[in-house]
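Q: I'd like to take a close look at one part of this protein with you. Could you walk me through it step by step?

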Amino acid sequence: MFVELKCPACGGACEIDESRELAFCQYCGTKMINDKASVSVSGTVSIDTKMQIKNLLERASRFENEGDNGRAVEYYNRVLDMDPENGEAADGERRSRGIVVFDNVAITVGETLKRSAAIYLIVDENEKYSIRHGEAVSLRCNVGVHSLSAFTALLPERSEAFEINTTYDEKEIIVEKNLFGIKILVRNTDE
C-alpha cells in the first residue's frame, strides 16, 4: 500500500510505500519523513533491561551516598517497578527510607549489687524485656529517636533517649544498678 506525501520544499506530490520512514522528493530531492510508517512484528518480543537497571541502581546508590534519600528511594523504586525481585533495590529502598535491616542496638546489664536481680527494660514504650547480670538483648531500631526505660522491683524508673542517625548506626547500651539507682550508658559501637 502506498501513502502520498507532499514535499515541504517544492510542494510536489510523492507516493511512497507506507512501511518506509524516509523518502526523497522525485522533483527536488528533499528528504521527507513518513510520520505514518508502520512496522509489523510477529512472534515474541523481549526487552533487555539489564543495562537500564544497572544505571538506575548506580544513580540510586549515588543519591543514597550523598544523603539524598528521597531521590534514592525514587530510583530504587524504578528498579523494583521493572524487577520486583531485585534484592539490591529492595535493600537500598529500605535503607533509604531509614528502615534498618539488621540488629543495631545491643543492651547489656553491667555491674549489679545482686547478680540474680532482674532489670526490666521498656524500649519505645512497647517492647518489654527482663534481663539479668551478664545477659544481653539485641534490637533492631529504625532511624530516629528512641527511648529506653529501666527499673527494678525496688528502684525507680530511669529513662534515657538515644538516636539512630543512619541505617548503619549501631549502639551499645549498658544498664547498671548500684546503691543510688540505675545508670544507663549509651555509646556508638565504633567509639
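How many aromatic pairs does a search of the whole structure find?

A: Happy to! Please keep in mind that this is a predicted model. Searching the whole structure turns up two aromatic pairs. In one of them, the ring centres of F63 and Y75 are 5.3 Å apart and the planes meet at 40 degrees, so this pair is tilted: stacked would need under 30 degrees and edge-to-face over 60. F63 belongs to helix α1 (residues 50-65) and Y75 to helix α2 (residues 69-82), so the pair ties together parts that are twelve residues apart in sequence. Both partners are buried: F63 has a relative accessible area of 12%, and Y75 has one of 5%.

Now to the cores. The largest nonpolar core has 18 residues, and V105, I107, L121, L148, I173 and V175 touch the most other members. Elements giving two or more residues to this core include β5 (105-109), β6 (119-123) and β9 (144-151). Leaving aside residues up to four places away in sequence, V105 touches V137, S138, L139, C141, F162, I164, K171 and I173. A second, separate core of eleven residues includes I53, Y76, V79 and A89.

As for the sheet, four strands form an open one in the order β7-β6-β9-β10, with antiparallel pairing. β7 (127-131) and β10 are the edge strands with a single partner each, so one side of each has no neighbour in the sheet. On average, neighbouring strands here are turned by 20 degrees against each other, direction ignored. β6 and β9 run antiparallel and are joined by four bridges, and Y120 stands opposite F151 in β9.

Definitions and conventions:
Residues are numbered from 1 along each chain as its sequence is written. This is a predicted model: local features need pLDDT of at least 70, side-chain atom pairs count only at pLDDT 80 or more; totals for chains, interfaces and linings use all residues. Side-chain values use heavy atoms; hydrogens and water are left out. A nonpolar core is a set of buried Ala, Val, Leu, Ile, Met, Phe, Trp, Tyr and Cys residues joined through side-chain atoms within 4.5 Å. Buried means under 20% relative accessible area, exposed over 50%, partly exposed in between (1.4 Å probe, protein chains only). Contact means heavy atoms within 4.5 Å. Two strands pair if DSSP finds at least two bridges between them. Axes are lines fitted to C-alpha atoms, for helices over the stretch in contact, and angles run from 0 to 180 degrees between N-to-C directions. Rings of Phe, Tyr and Trp (its six-membered ring) pair if their centres lie within 6.5 Å; planes under 30 degrees apart count as stacked, over 60 as edge-to-face and the rest as tilted.
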